[in-house]
Structure formats: structure tokens, C-alpha cells
Amino acid sequence: MHGFEWTALDGAGQDAKPAPGGADPARLRGHRLVPLATALVGDDGRILHWSEDAERITGYTVAEAVGSYAADLLVPKAERPEVLALFDRLMAGGGWSGLVPIRHHDGHRVELEFHTYPVTGPGGTRMLLATASDVAALRRVEADLAVLDGCFTQSPIGMAVYDTELRFVRLNSALARINGLPVEEHVGHRISSVLPGLNSTEIEAVMRQVIRTGRPVVDARSHGRTPGDPRRDRAWSASYFRLEDSTGRVLGVSSSLIDVTERFQAEARAARAQERLTLLAEATARIGTTLDLQRTAEELIEAVVPRFADFATVDLLEPVLRGEEPAHLAPDRGIRLRAVAVGEAYESGLVNASDAVGETSEYDAGRPYTECLRSGRPLLRTYVDEQTLAALVAVPERVAPGLEAGIHSYLMVPIKARGMVLGGSEFVRTRNPEPFAAADVALAEELVARAAIALDNARLYRRERETALTLQRSLLPQEIHRTLGLEIAYRYLPSSLVSEVGGDWFDVVPLSCGRVALVVGDVMGHGIRAAATMGQLRTVARTLATLDMPPEQVLTRLDETAMGIGEGQFATCICMVYDPVERSCTAASAGHLPPVLVSPDGAARTVAVPPGVPLGVGGVAFESTEFTLPEGGLVALYTDGLVERRGRDIDDGIGLLSRIIAGHGRTLEESCDAVLTALVTDGTDDDIAMIMARALPVPADRIATLPLEGDGPLPARARRFTRATLQAWGLSALTDFAELMVSELVTNALLHADAPRRLRLFRDRTLTVEVADSGGTPPRVRTSAEEDEGGRGMHLVSELCHRWGTRPTKNGKVVWAELELPISH
């Protein structure tokens, strides 16, 4: 029975030995693809064994076959004699092969190819082992195998079969030619050992996936270099499917692949082009979001690192950073640049081979960098060695750090705008293995060109802003003089957004007799025009205030000025005059926010000033209101930029301001800082102007008052009072002039007004003599003839004093004159 077991178990293995009777192992291998019936027949012709394939081919079950005579079961009656004679010869000895038609269980004829082998059973019993295949099925399989074998061997497409360990089992000559190695050098080896120049790790991962899941993979890309073409990268498209036998046992994986190098390269070029377009689009959206030179340079660096370069810098000429027009680059002169932005993708140490932000470098006239800027054309060094790098860097000490960092490709593009070179932008590759190419130069030029426009706009904006800020600062008070009886603190904060130049202003105007005018205004809009309008209004307001005009008259004149400046020039303003002797405040408003008043006990409130209309509207009268600022009291004037914010009601802002300045224990300067800290938390898109004033006690040796009432010669009494007061103040040097002025002013009041009511001497920056009377007509200097007996009083006063003037009061007027104090005072 050994032969039977060998046939059933080892049939057509790759290493099978020749079968008894000279059976062809190759033919047996073909039989395994179709049912192979086996039967064992005794010497009496009875069937002793019947296989499952015998059942499938003949239709007779094991129960029907075993024990039956083979000739009676399978051969028609007319053909039995011939078959029985053949059986006798076979039993006599020797194998046989041939075609014999048999009768199927259902009656139709089936032609079978038989192979018989005489065997000896126990006790020397003679038996016959027969195998049979359906000839029609066998012919179909052989035809199919011939087609498949021809396809495998003759196909121009590379084809291979791998076992479950991913070793080559078979491959066609097309694949061998592609790989550049003979077939025998593949068989039994894995791709990673045969073709180390390919992406074998990825390829084998795909094959393992196919073996594990059974799902085919189509168009899996492989790439690299093979022994057949070792100098060029190639690419292939491969498809993989799992191989199984009829029982579902996994045998391995099969692959087919075609060369797609040209398509791969085209796709790679398209992908790179798409990547460049994407980078350009993203950079366009990112660069130039602000009008700040440094931020714009940083945005260029952020756009290119690491997607385009591993390291990049932006350096600008010194005049550009000052907002000036860059000078023409002379051929015989070097250049000086300052690093504005530096960025790197890795900590490569390249910062040691370049300027840090804020540092400057100088390049001689003959250096490549200088020649590049002078020509305006890019400087490309595809490969960088020590000699190349030495010519590029500003100082020799930077060569070694650059080489250690791995610089292998360099590109510099001049930053040009409106035909002027503003600076240069450098791009360096270290870890990126691809050197800069022509396409990279074109992309860098486009990126830098877009950044150059933003940088030039930032430069022009900086110049305009500096000009406007200089104008604005020059129009604001340069010095606030100390005022007797009043402590003053102020803040001016330009807008932190968009322009930084606006029309807010404030002023502190010293007036006669120790009084002071506080003015705060806000021109609507921003820019140089608003600043220029502010300057005009501030100058007019200051001039009008020094003429002792009441606040409402000052605003009336300012309104006329605003209307004359031009259409659409509107402004709000508040004007307040404080008298330290009376502790009175007179305020008028032109559409401005109300002052905040804090009493000495800490109670805060807004002052109800008639609101008025903005300056420039015209045709509306202004009104003033009076209130008292007691000793220790505080008043604050401000513009809307301090209290108005998006998302916050302006009344809430005023309330917060009131609560802050009402706090005890702070100086005015500290109160100003506290207000800005609380109300201006994240910048402001409007200017802010603010004045805080606190009433102080007036020293007794600064003011002296004499009521001019009762009988007796008033001029003589006034002179004696003046002499005694000046002597007590240590101002005896001014006594003669002061007595003469007092005498003339009192006499003039007696002659031309109802009556003088009061003489007051006030010592501050000057000595002020003022006489109050009940008359409404101001005095004037008249020209008198030689024969006239009077009319020279005010002319004499005008000659003796530094300046003089008059102002109306509720009960008449005040005429005043000032004498300059001696230098020692």
C-alpha cells in the first residue's frame, strides 16, 4: 500500500520523485487542478476502495461501488469482454495508461484517462491501483495553464509571485529586465535584499497587508534605483493580490507592475507647482497685515520657513528703517544693512553665521551681496562650499559655523519697490537635500516682490506718521507752567491703532491775576489734516483766552474759526477758567463730555455744563456755567477716547473714571496712571487727552486786597497800601512804578466808572495790580494834545507795565496791569 499512500499524499509536489510506471510529475501537477479518481480493484474484479473524486467523476457513491464488479458498474455490456481481457493482462503484471470511456451513473458516457499500477496486498494478494481523470476537464485545465504560462512568460508587464515570507518564488523575464538582474538571483530572496535602492519597506508593508486581509491593492507606488538603471530614479505602479489554493490556504502574493516614471515625474512637477502656488497664495494672505516694517519682514520669514528654506533673513538699508528714500547704490561704495527678521526651522547654529535682529553688517563694493543689490537681480549659489561661503558672509568668522550647520544651497533676492532697492532677503537650505533651482528663484522673487510692496508701504507710513507725530507734538503744549493755587497733571496718549495721529489736544493757559484757562478739545477724524486743524484751533483758543474772553465767547470765536477751516472740520471742546482767589470755575462746552468734579470728601459727580454743539456747526450760541472748586477739590477734563469703548456704554466709562479719581491717598500723577491702567487695557483706536487739576491753598503772602470804600482820597489810600504791601513782600524796588500805576487806575475808575470797589495785589510769576469797578466800558489809551490837562493815565500805565488788560465781571469790570518781578524773585 506504500505506492497508494505516496500517490494520494505526495502526488505532484515540486520535489516529487518519478511515479511508478514512469508517470510524469509535471502531468500529475496538472492533474491536481482537476478531480483525480483513485480505485483499488481486487484480483476478482471487485472494487475494494473508491475515492471521493471517483464519486464526483462517475456519480457512483462509495456504498454503490465498493464490493461491486468494476466492469459491471462502469462498462456497457457490449464492451465488457474487451475490458475484462485488458484487466486480465494488467493483473498479469506491468502498468498501463490509456483512454477508456465509462458509463456515468446517469447513463451518459465519460471519457477517462486511466493510469494503472499493479500492487501486492497482504499475504501476496494481487490488486490493481487505478487513477483516472476526466479527459475533457484535463484538456480545459491544460489549455488554461498554457494561456497563463504564456501570459506570465511573454507579458511585457513585470510579474512576480512571492511566498508568505515575501520571497520571490517566480518572476517573468520582463521584471528581471526591469530590475537588471537574472531570474535566478531573485528566487528565494526578498525585495529588500535584491533591490536595496527601492522603498522596499513600504512595498513589503503593502504585501503583508494583502496577505493579511486578502484585499487586493491597485496602483501602489514604488520608486528608487535598480541595478538596471542605477543613475536615475524611476517609479512603478504595482498591483497585488493574494494567492490561495482550493482549500483557502494562503500560498503567497502575486504582483504586476508597469513603469510610470514619466507620469510620476510629471505628477511630481505638478505637485511641486501646486505647492508653490499654495505657498504663494498663503504668503500673499499672510504678508503685509500691518504697516510695521519689522512685523512685515517677520511675516515673510514665517511664510518661507521651513516649507521653502531651512533658514532665512530679511536685511534692510539704514535709510529705509528711518522712513527715508534709499539712496542710489554707487558702484564704488559699500553698503550697510540691518537685520530686521531672522528665522530657522531647526536649531542648526546658523544664527552664529548671520546677524541677530538689530545688528548691522557692512559689505564692500566688490562683494557678491553688494553687486546683487546694485544689479537688482537674484544671487543663486546652487552648491555652497567653503570658498563660496567665504565670499557670501560679511566676516570670515562666520564661514566655519555656516559649514557646520550644513549650508549646501544659497539664494539671495533683492527687495525692490518702485524701482528702489530696500534691502535683501537670504534663503538657505541645510536639511532639505534639494538645491535651489530656477523654479525656486522665480518663487522667491514673487514672494519677495509682494513683501517689498508691504515693506515700502510700511516705510512710507512710518515717514508720514513721524511727520504727523512731529507736527502734532509741536502743536501740543511743550511745557505746563506751575499755577498758583492749582496743581495740574495731564496725559496725552495717541491712538494705538491705524494712525497714531489724531486731533485731540489740551492746553493750560495762564491768565492775568493768577487765573488759568484749561482747554481740552477733540477734532473728529485722524491723520495730518486732523492734527493741522487741532493746531489751528488750539492756537486760536490760546490767543482768545489770553484776551480775557469768557469761555462762552472763546467757543463762539472758535466755532467761527472751525467753519473757516473747511467743510467737514468739526471738533468738540470744553473751556474752563479757574480763579484761585475766588476758587470759582467758569466752564463752557461745545458738544464735549462734562467735567468730573470730586469734592474734598471724595464725592464725585459730573458738572452739568450746557452741552452746546460741536465747533464748525455754526449759528448756535454757547453758554457757560459757574461752580466752586473748594480747597482739596479735583476736576478732570478729558476726551471721549478715554471713556468710550466698543461694547461699553460711555456713561459706564465716565462712572468708572469718577470712581477711580475719587479714591483717596493718591497724587494727581498717580491718579492719571490709575485711570489709564483701568480704562485703557488693550490699546485704543482713538486719541486720549486728559487734564486733572486740584485746588491748593493760596499763601497769604501772595495776595493782598484793599476794599475801596468809604470817605477820603482813595488814590492816596491805595498808594499807601501798595507801598506797605510791597515792602512786606520784599519788592520795594517796584514800589514807585506800582504806586504810580495804582494811582492812575484808581483815578481812572473814579473819573470814568461808577466807583472803584477793590484793589488787589497778586504776586505770582509777575506782580499784578488790579482795580475792580462798577463800570462796563473798558478803558483805552488815547492820544492827548500838549494843552490837554488829562487823558494820559492809561497811556502812562501802558508805558510802565509789562502788559495790561481788562475783563468783564458780573458787577462791572476789572482793569489789571503787570510788572515783571526782579530777577532775584
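Leaving aside neighbours within four places in sequence, Tyr240 is in contact (heavy atoms within 4.5 Å) with Ile203, Val206, Met207, Val210, Pro216, Val217, Ala220, Val253, Ser254 and Ser255. Tyr240 belongs to strand E9, residues 229-244; helices (H or I, at least four residues) and strands (E, at least two) are DSSP runs, numbered from the N terminus. With a relative accessible area of 6%, Tyr240 is buried, where buried means under 20% relative accessible area, exposed over 50% and partly exposed in between (1.4 Å probe, protein chains only). Gln209 is 31 residues from Tyr240 in sequence, and the C-alpha atoms of the two are 9.8 Å apart.

The model is predicted: local features need pLDDT of at least 70, side-chain atom pairs count only at pLDDT 80 or more, and totals for chains, interfaces and linings use all residues. Residues are numbered from 1 along each chain as its sequence is written, and side-chain values use heavy atoms, with hydrogens and water left out.

Phe311 stands opposite Glu344 in E12.

Axes are lines fitted to C-alpha atoms, for helices over the stretch in contact, and angles run from 0 to 180 degrees between N-to-C directions.

A search of the whole structure finds five aromatic pairs. Rings of Phe, Tyr and Trp (its six-membered ring) pair if their centres lie within 6.5 Å; planes under 30 degrees apart count as stacked, over 60 as edge-to-face and the rest as tilted. One of the pairs, Phe308 with Phe436, is tilted, at 5.5 Å centre to centre and 40° between the planes. This pair links distant parts of the chain, 128 residues apart: Phe308 is in the loop between H12 and E11, and Phe436 is in the loop between E16 and helix H17 (438-475). Phe308 and Phe436 are both buried, and together with Phe427 they form one aromatic cluster. The charged end of Arg429 sits over the ring of Phe308, 5.4 Å from its centre; a charge sits over a ring if NZ of Lys or CZ of Arg is within 6 Å of the ring centre and within 35 degrees of the ring normal.

Next come two packed helices. Helix H21 (residues 650-661) and helix H22 (residues 668-679) pack at an angle of about 145°, and their axes are 9 Å apart. At their contact, Gly653, Leu656, Leu657, Ile660 and Ile661 in H21 meet Ala674, Val675, Ala678 and Leu679 in H22.

Asp764 is buried, with a relative accessible area of 17%. Not counting residues up to four places away in sequence, Asp764 touches Leu484, Arg702 and Leu821.

Terms used: Two strands pair if DSSP finds at least two bridges between them.
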